[in-house]
Amino acid sequence: MPVVVAGTRLFTHGGSYMLHVRGRWGLIAAAIIVAASALGLVAAESAVAAGPIASGTSCVADATTGCLQGKVVDDNRNPVAGAKVTVTSPSAATGSSKTAKDGSFFFAVTEAGAYQVALDPSSLPTGVTPKTPTLTVTVELSNITPAGFALNGHAKGSTSHAAASVSFWQLLGQQFSQGLLLGLLLALAAIGLSLIYGTTGLSNFAHSEQITLGGFLAWVFAVQLGLNIVVSAVIVIALTSLSGYLQDKLIWGPLRKRGLGLTQLMVVTIGLSLALEYVFQLIFGARVYPVATDLELNTGPLNITPTAYWSMLVSIVVLALVGLALTFSRLGRATRAVADNRALAAASGIDVERVIRIVWIVSTGLAGLSGVLYALVNGGVYWLTGAQLLLLVFAAVTLGGIGTAFGALVGSLIIGVVANVSTLFIPQDLKYATGLVILIVVLLVRPQGILGRRERVG
Amino acid sequence: MKFSPTRAAAGLAAAAAAAALILAGCATSPSASTTTSAAAAGAALPAVAACGSGDDSSSTFALGSYLPLTGSLSFLAPPAVAGVGAALSDINAAGGVNGKKACIISQDSSDGDHKAIGDSNIKSLMQSKPSAIVGPESSSVTHNILPVTQPTGTIVFSPAATDDALAGEAHFFRNVAPNASEGDALAKQILTDVPAAKVGILVFNDAYGINLRDTLASTLKAGGGSVVYGAAGQEFPSTETSFATIVNNVLAAKPDVIAIIAFDQTSQILPAIGSAGFAGKNLYFVDGNLSDYSKTAGVPDLTGSKGTQQGVDADKTVKAKLNDWYKANDGKGKDLGGIYNYGPESYDAVITLALAADLAKKDDSASIEPFILPVTGTTGGTVCKSYADCLKLIKGGKTDIWYQGPSSIGPLNAQHNPSTAYVGIYEGDGKNTAAKFLTGVKATISK
């Protein structure tokens, strides 16, 4: 029986198929010609029926085989097993099969053209009826052709798996909580940027690379060395703080002493930012490095992962501590004094260079923490993670009021929430632009930023 | 696989040169070839030498290699580097091209987001007057460099650029199926698994992504399916690093299945999808992200997920050859890690160009170009399957040869696309989306 022969040949799996093709692929064109003429021959010999139709539980297309395949499912998208499917070829050859447990059926055919695929209603369970019992599909050889049936109704025991509907307000809530999360992580980086600007007047474009550095170091300690994530975070903060200290000691301090203008300094930060990005790429390549490893499900009122809740809590606590320290501690007051009037602060006995160095240490440490948390909640870090956040951080700082720590927090939260909620109304790839539009609007109305003059703290 | 100091080191010269270029804004500086280290081990042939200062297309078959050694596509570089390198080694082992050993000029193409690197490197490559260029892998980068290469008539032969819009570009050839074929195959597989599927598409805003999305969507609609998310205007930026928001949006549209059209962003999309509780078996992947996610964070069980990949699923001997070559040369002891994407295509691109040069009896692009289509079989001829065999035929006086290599494409057509090419469909297992080969779909490319 040619059908059986075809069936056993066509439905061999994996490796043997590959060998089969490999065995003659050098003769592909010849094979096509031979196959075509063979088909013609078969058709000529048996005038009524033509190409064999074989059924099975899978199908591999090749030069002489087309796969006509599909599934039968009820209106709950559950598979319907045992349904009888009959196919009729252009030359009126027929083949039939019952659907497998997963509702699937496969026919391997050797003739291209329009096929009728018919579902036998009597083979269906009670309560299930076909929408269209017969489909007409065009089959090509060396290709797969889907011909599935989505039925009306469902039998007893078929339960719905449909995801619960998400109302507009629920979705708004979800995006709002994502916005809060993003805002809090941005704030950790933004406050540092703002403090550096406040005390030195420098717009540090390399601040974003401190975020990336934090993420990569977290991968090194938490994944590569397998340390506890809390321990890793503490080490990362220490190391990124150290990088801030070294930067100020080796680059920014000496440049300040030489009296370099702010514009030149800013260009140096841009150069440093690019150099660091490519150093990251040199060491780590372009891949995404995971920091967390386990799959966590979204949960709770904000519909975010447990790690995301912890990250928010950590951000809030750290931000509160920084705020309190700025307001009440001796060093905090000194910092604000330097930010207000550097000459006056120096004259009144404050060691300005020491304050600035501490500001660098704290700022880079905070950015490092921000990188750890960002990588944790977003599935990893790659060499441009920080660069992607840089504009948002700058927007947040400017929106809140340049040089004010609390302003940076407020600005970050606004940017984070607006960017995420905006995706409900505008194209996804414009979401970060919305933050910048808000920035322009607010600055037109209030040039000093939201908390600009009123509460100038750092 | 995730962390590769050796690969980082391999990309050192190019990346350092690129960084220096960007920072200093200086003129091009020759970047050292990454294929000069010939530590032959085992049966693998040593890499061919980099072209010297006098070796250009006027006297030597000087192949320009322009592959993404850095950037977001750099994970696809090793198999292509191996394909190009192994082909050149085979060519020189058989006596070289036109009686002289071939040489390689390697430059980093980087990716579409780092146009500055690719632009300066292509100019540097062009100054070396290559016989032809194999690469780039990215469609975006191909669009960027063609205005530079076309005026001089330099052949660009890509083993991996799949954007439909590249068809018919002057002096541009490829031996990989364009996106339309892949989107079509993916849509048919989705409709096989879920009749009248409601599909959510997570697609990034890039020529490759949008092109593939469009063909996927049109075949889905024609087959009774629908796209509930990911239509025009619902792409995410290619530099996005936070995906919970877009995952919320796509799930709110209640899709039956989600197709992810992206590159390595997928490592960050999968945890977000997993956290939202969407089943991994209802995910579909494309050639840009069909890979092993076992070292990625928070990935759901991907058993039963499916994906498509242009190119043939190379047989074991071809895979072993590429792997051994890479390990002995550019890989410096590290193997390809099971990734062979576009390796056979890269190999065939080089062999095809070399044979065309043999037929032309010259090594420059203008002489080579007319012989490329005949070598791929457009006019029939005597079939040969390796460079050595084909070269014997040419030396024996044959002018009509038909090279049939491991990529098993049909002859190139008038648009310089393969007339037929394979798209493989794979099924996932555990966290590896390309664990099991289901079927190869031979796509016929009409134009």
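Author: In helix α4 of chain A, the residues A:Leu182, A:Leu186, A:Ala189, A:Ala190, A:Leu193 and A:Ser194 meet A:Leu389, A:Leu392, A:Val393, A:Phe394, A:Ala396 and A:Val397 of α12(A); contact here means heavy atoms within 4.5 Å. By class, this contact of α4(A) with α12(A) comprises eleven nonpolar residues, one polar residue and no charged residues. In this classification Ala, Val, Leu, Ile, Met, Phe, Trp, Tyr, Cys and Pro are nonpolar, Asp, Glu, Lys and Arg are charged, and the others, Gly among them, are polar. The model is a predicted one, in which local features need pLDDT of at least 70 and side-chain atom pairs count only at pLDDT 80 or more, while totals for chains, interfaces and linings use all residues. Residues are numbered from 1 along each chain as its sequence is written, chains are lettered from A and ligands numbered from 1 in the order in which they are written, and side-chain values use heavy atoms, with hydrogens and water left out.

The axes of α4 (residues 168-200) and α12 (residues 385-400) of chain A come within 9 Å and cross at roughly 70°. Such axes are lines fitted to C-alpha atoms, for helices over the stretch in contact, with angles from 0 to 180 degrees between N-to-C directions. Helices (H or I, at least four residues) and strands (E, at least two) are DSSP runs, numbered from the N terminus. The two helices are therefore roughly perpendicular to each other, a term that covers angles of 65 to 115 degrees.

Helix α12 of chain A also contains A:Thr398. A polar atom of the A:Thr398 side chain lies 2.6 Å from the backbone oxygen of A:Phe394. Apart from neighbours within four places in sequence, A:Thr398 is in contact with A:Leu439, A:Leu443 and A:Gly449.

A second pair of helices in chain A, α8 (residues 306-328) and α9 (residues 330-340), has axes that come within 5 Å and cross at roughly 75°. α8(A) and α9(A) are therefore likewise roughly perpendicular to each other. Here A:Ala325, A:Leu326, A:Thr327 and A:Phe328 of α8(A) meet A:Arg330, A:Gly332, A:Arg333, A:Thr335 and A:Arg336 of α9(A). That contact has three nonpolar, three polar and three charged residues.

Between the chains, the contact draws on 80 residues of chain B and 74 residues of chain A. Together the two chains bury about 6,200 Å², 55% of it on carbon and sulfur atoms; buried area is the accessible area (1.4 Å probe) that two parts lose on being put together, summed over both. The interface holds 28 residue pairs in polar contact, both at pLDDT 80 or more. A polar contact is a pair of N or O atoms within 3.5 Å; within protein, one must be able to donate a hydrogen and the other to accept it, and residues adjacent in sequence count only if both atoms are side-chain atoms. The side of chain B that touches chain A divides into 37 nonpolar, 28 polar and 15 charged residues.

Three salt bridges are found across this interface, each defined by a side-chain nitrogen of Lys or Arg within 4 Å of a carboxyl oxygen of Asp or Glu. A:Arg287 forms a salt bridge with B:Asp264, with the closest N and O atoms 2.9 Å apart.

Over all chains, the structure holds 13 salt bridges. Within chain B, the side chains of B:Asp90 and B:Lys321 meet in a salt bridge at 2.4 Å, N to O.

Terms used. Angles under 35 degrees count as roughly parallel, over 145 as roughly antiparallel, 65 to 115 as roughly perpendicular and the rest as oblique.
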